[in-house]
Amino acid sequence: MLPENFEKSLLPLPLSERLVQIAALFQGQKLVFSTSFGQEDQAITYAIASQKLPIEIFTLGTVRQFEESYELIDLTVKKLGFNLKTYFPQTNAVEKLVETKGFNSFYSSVENRKECCFIRKIEPLNRALQG
């Protein structure tokens, strides 16, 4: 449980100090941050990595990213010098999906979109959050 007014106490602080306070509050517990490498995530990643905070940074490897995404990931990890954990979908689930419904089945129905997202995003995210 958070101390009373903890969230309000963070509001006037810059991002880097907010993260320090959060890491201190949860000291000894596993902290994780999921990044998709968007602008906001890059700011948070920088704040975590530059201060060497005890927060694991991870991403989901859906195996459908553009080449530029992989280039940005490599550049960010190299520049900031941190270990990035990548959680990929279960190979057998992706193989079965592609074999039975094709590479782009998510375009054909909402049901297929949900199935694809579960296999490529939700299941790996659940594993990441379980530690």
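**Entry 1: ground rules**

I am working with a predicted model, where local features need pLDDT of at least 70, side-chain atom pairs count only at pLDDT 80 or more, and totals for chains, interfaces and linings use all residues. I number residues from 1 along each chain as its sequence is written, and side-chain values use heavy atoms, with hydrogens and water left out.

I take helices (H or I, at least four residues) and strands (E, at least two) as DSSP runs, numbered from the N terminus. I call a residue buried under 20% relative accessible area, exposed over 50%, and partly exposed in between (1.4 Å probe, protein chains only).

**Entry 2: salt bridges**

How many salt bridges does the structure hold? I find three. A salt bridge here is a side-chain nitrogen of Lys or Arg within 4 Å of a carboxyl oxygen of Asp or Glu. Side chains of opposite charge can pair when their charged atoms come close.

I looked up lysine 30. Lysine 30 pairs with glutamate 56, and the closest N and O atoms are 3.8 Å apart. This pair links distant parts of the chain, 26 residues apart. Lysine 30 sits in the loop between helix H2 (15-25) and strand E1 (31-34), while glutamate 56 sits in strand E2 (residues 55-60). Lysine 30 has a relative accessible area of 49%, so I note it as partly exposed. Glutamate 56 is partly exposed too, at 25%.

Next I looked up glutamate 115. Its partner is lysine 101, with the closest N and O atoms 2.6 Å apart. Glutamate 115 lies in helix H6 and lysine 101 in helix H5 (residues 91-101), so the pair ties together parts that are 14 residues apart in sequence. Glutamate 115 is partly exposed, with a relative accessible area of 28%. Lysine 101 is partly exposed at 35%.

Then I looked up glutamate 123. It forms a salt bridge with arginine 127, and here the closest N and O atoms are 2.7 Å apart. Both residues lie in helix H6, four residues apart, which is about one turn of the helix. Is glutamate 123 buried or exposed? At 19% relative accessibility, glutamate 123 counts as buried. Arginine 127 is partly exposed, with a relative accessible area of 26%.

**Entry 3: a buried arginine**

I went on to arginine 120, which is in helix H6 (residues 110-130). Arginine 120 is buried, yet it has no salt bridge. Which side chain of opposite charge is nearest to arginine 120? It is glutamate 115, 10 Å away. I count Lys and Arg as positive and Asp and Glu as negative; His and the chain ends are not counted. What does the side chain of arginine 120 reach? It reaches the backbone oxygen of threonine 62, at 2.7 Å.

**Entry 4: a negative patch**

I found a patch of negative charge on the surface, where Glu67, Glu68, Glu71 and Asp74 gather. Patches are made of residues with over 30% relative accessible area and no salt bridge; like charges are joined within 9 Å, nonpolar side chains (Val, Leu, Ile, Met, Phe, Trp, Tyr) within 5 Å. Aspartate 74 is exposed, with a relative accessible area of 54%.

**Entry 5: positive phi**

Most residues other than glycine have a negative phi, and most peptide bonds are trans. I noted asparagine 5, where phi is near 65°, a positive value. Asparagine 5 lies in the segment before helix H1 (6-10). At 45% relative accessibility, asparagine 5 is partly exposed.

I also noted phenylalanine 37, with a positive phi near 70°. Phenylalanine 37 is in the loop between E1 and helix H3 (39-50). It is buried, at 8% relative accessibility.

**Entry 6: far in sequence**

I looked up leucine 97 in helix H5. Leucine 97 is buried, with a relative accessible area of 4%. Leucine 97 and isoleucine 119 are 22 residues apart in sequence, and their C-alpha atoms are 8.6 Å apart.

I then took serine 16, in helix H2. Serine 16 is partly exposed at 31%. Its C-alpha atom is 7.9 Å from that of glutamine 51, 35 residues apart along the chain.

Alanine 47 is buried, at 5% relative accessibility. Alanine 47 and glutamate 17 are 30 residues apart in sequence and 8.8 Å apart in space, C-alpha to C-alpha.

Methods. Areas by Shrake-Rupley, 256 points an atom, 1.4 Å probe, with all protein chains shown as cover. Charge placed at Lys NZ, Arg CZ, Asp CG, Glu CD. Polar contact = N/O pair within 3.5 Å; in protein donor to acceptor, adjacent residues only side chain to side chain.
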